[in-house]
Amino acid sequence: MSRHFDAIIIGTGQAGPSLAARLAGADMTVAIIERHKFGGTCVNTGCIPTKTLVASAYAMHLARRGAEFGFALSDARADMKRVRARKDEISGRSNKGVEQWLRGLKNCTVIQGHARFESANTIVVNDELLEAGKVFINVGGRAAIPAFPGVQDVPFFTNSSMVDVDFLPKHLVIVGGSYIGLEFGQMFRRFGSDVTIVEMGPRLIGREDEDISEAVKKIVELEGIQIRLNAKCISLAKRESGVAVRVDCEEGAPEIAATHVLLAVGRTPNTADLGLDRAGIAADKHGYITVDDQLQTNVPGIWALGDCNGHGGFTHTAYNDYEIVADNLLNADHRCISDRILTYSLFIDPPLGRCGMIDAEVRKSGRAALAVKHPMSKVGRAIEKGETQGFIKVTVDAETKRILGAAILGTGGDEVVQVLLDVMYAKAPYTVIQRAMHIHPTVAEFLPSVFSKLEPFI
């Protein structure tokens, strides 16, 4: 015998719980299945714990700069057990909140266990057979483990285990110079570790514009982080002091002695053990479930949301997946993922807020464009805060005056970029921002004068 539901949701990341609440509120019977921690990556090993740790590191960094602001502290050392306890409390509160919310929903049954497809509309969990006409996969992803020589012979951290560290690594080597690697690198350098970031590519955060990569490199190097680029042949080996990271770089020693290693080289979806083949669900060579513009798989009645579909990999894109699916099902809204504008942040200090096209994409489009780059050292709010690193960069269409893309690397950049993003979604010209009255003193108030300096994009 099987239990029948109107909908089954596998996973409780950013899309799953909200979708469960929306469907249950529409008088549908819903089963939501979680095999590990409620809340997924964001709540347990991603956004909430890491940004909590970033906040602790920022407070310590600011304390050390006390003399610049007119005060002095005798000591500002990290107590990593207290740092972790603060993180655990904040992350744990969110984890418990998601679980309690789901268990309190009318028409929603919470099941803990490992779900596997038996067919397109039947799922086995804890030896029980569940059946539904609609199935939503929200299983997320995890850190990818690269096949470096020696990787299985040494202890290493991923983002999931690094957030639970309650001690201070003497020398942390991070393999991967992108978003996760940079955030952990600056964080632990500020806690007091020696940090080396090893990147296989020719520059950090390779998908960004070159000037952003270079600016970020200078920012972290000024804090004492060592950067090793063009590391082509990486291998790991045990040493008495910890781990040796062997690299084949254009500059520097061929071996880096580390006490600890963090692998931050990408993500992989949690789809390998779901029995997708039994349901006939298509996935690409990396395991990401193939979906159409409305997040439907190739099998009618099955959708894939969040990191497991390869369309975003951010908490906010996962939540937007939920909004698209729910509105299409319940409101006949005909929303689709191609409508959204790519946006995200790099949460180092100062943060990077990004939206729309990068320079290379603007050039490839062949359109006539205008651009401007304004240093944060000429922004009053940044000067007042003593945080003048970075710049504001915006590109607009020369004909329509619509914003094509923007990068704000500087204090408040992760928030200020939302001003530009909202105007982009409204399909309005940048001149709307110039007509608005902004609060003084803020970073956002400089946007109108930034646009006044637009020049032909090269």
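Colleague: How is the model to be read?
Modeller: This is a predicted model, in which local features need pLDDT of at least 70 and side-chain atom pairs count only at pLDDT 80 or more, whereas totals for chains, interfaces and linings use all residues. Side-chain values use heavy atoms, with hydrogens and water left out, and residues are numbered from 1 along each chain as its sequence is written.

Colleague: How many helices and strands does the chain have?
Modeller: Both are DSSP runs numbered from the N terminus, a helix being H or I over at least four residues and a strand being E over at least two. Counted in this way, the chain has 15 helices and 22 strands.

Colleague: What is the radius of gyration of the chain?
Modeller: The radius is taken over C-alpha atoms, and the globule rule is 2.2 Å times the number of residues to the power 0.38. For 458 residues the rule gives 23 Å, and the chain is close to this, so it is as compact as a globular protein of that length. The radius of gyration is 24 Å.

Colleague: What share of the residues is buried?
Modeller: Buried means under 20% relative accessible area, exposed over 50%, and partly exposed in between, with a 1.4 Å probe and protein chains only. Among the 458 residues of the chain, the buried share is 52%.

Colleague: Which residues touch the most other members of the largest nonpolar core?
Modeller: A nonpolar core is a set of buried Ala, Val, Leu, Ile, Met, Phe, Trp, Tyr and Cys residues joined through side-chain atoms within 4.5 Å. The largest one holds 50 residues. Those touching the most other members are I8, L19, F117, F136, I137 and I281.

Colleague: How many residues make up the second core?
Modeller: This core is separate and includes M60, I174, I219 and L229. Its membership comes to 39 residues.

Colleague: Which residues make the nonpolar surface patch of about 290 Å²?
Modeller: Patch residues have over 30% relative accessible area and no salt bridge; like charges are joined within 9 Å, and nonpolar side chains (Val, Leu, Ile, Met, Phe, Trp, Tyr) within 5 Å. Areas come from the Shrake-Rupley method with a 1.4 Å probe, and for residues only the protein chains shown count as cover. One member, in helix α4 (residues 66-69), counts as partly exposed at 38% relative accessibility. The patch is made by F69, F71 and L73.

Colleague: Which residue meets R35 in a salt bridge?
Modeller: A salt bridge is a side-chain nitrogen of Lys or Arg within 4 Å of a carboxyl oxygen of Asp or Glu. In this pair the N to O distance is 2.9 Å. R35 is partly exposed at 42%, and its partner is D273.

Colleague: Are R190 and E223 buried or exposed?
Modeller: Their closest N and O atoms are 2.7 Å apart in a salt bridge. R190 lies in helix α7 (residues 179-191) and E223 in the loop between α8 (210-222) and β10 (226-228), so the pair ties together parts that are 33 residues apart in sequence. Both R190 and E223 are buried.

Colleague: Which residues are linked in a network of salt bridges?
Modeller: The count for the model comes to 27 salt bridges. The residues linked in a network are D209, D211, D359, K373 and K393.
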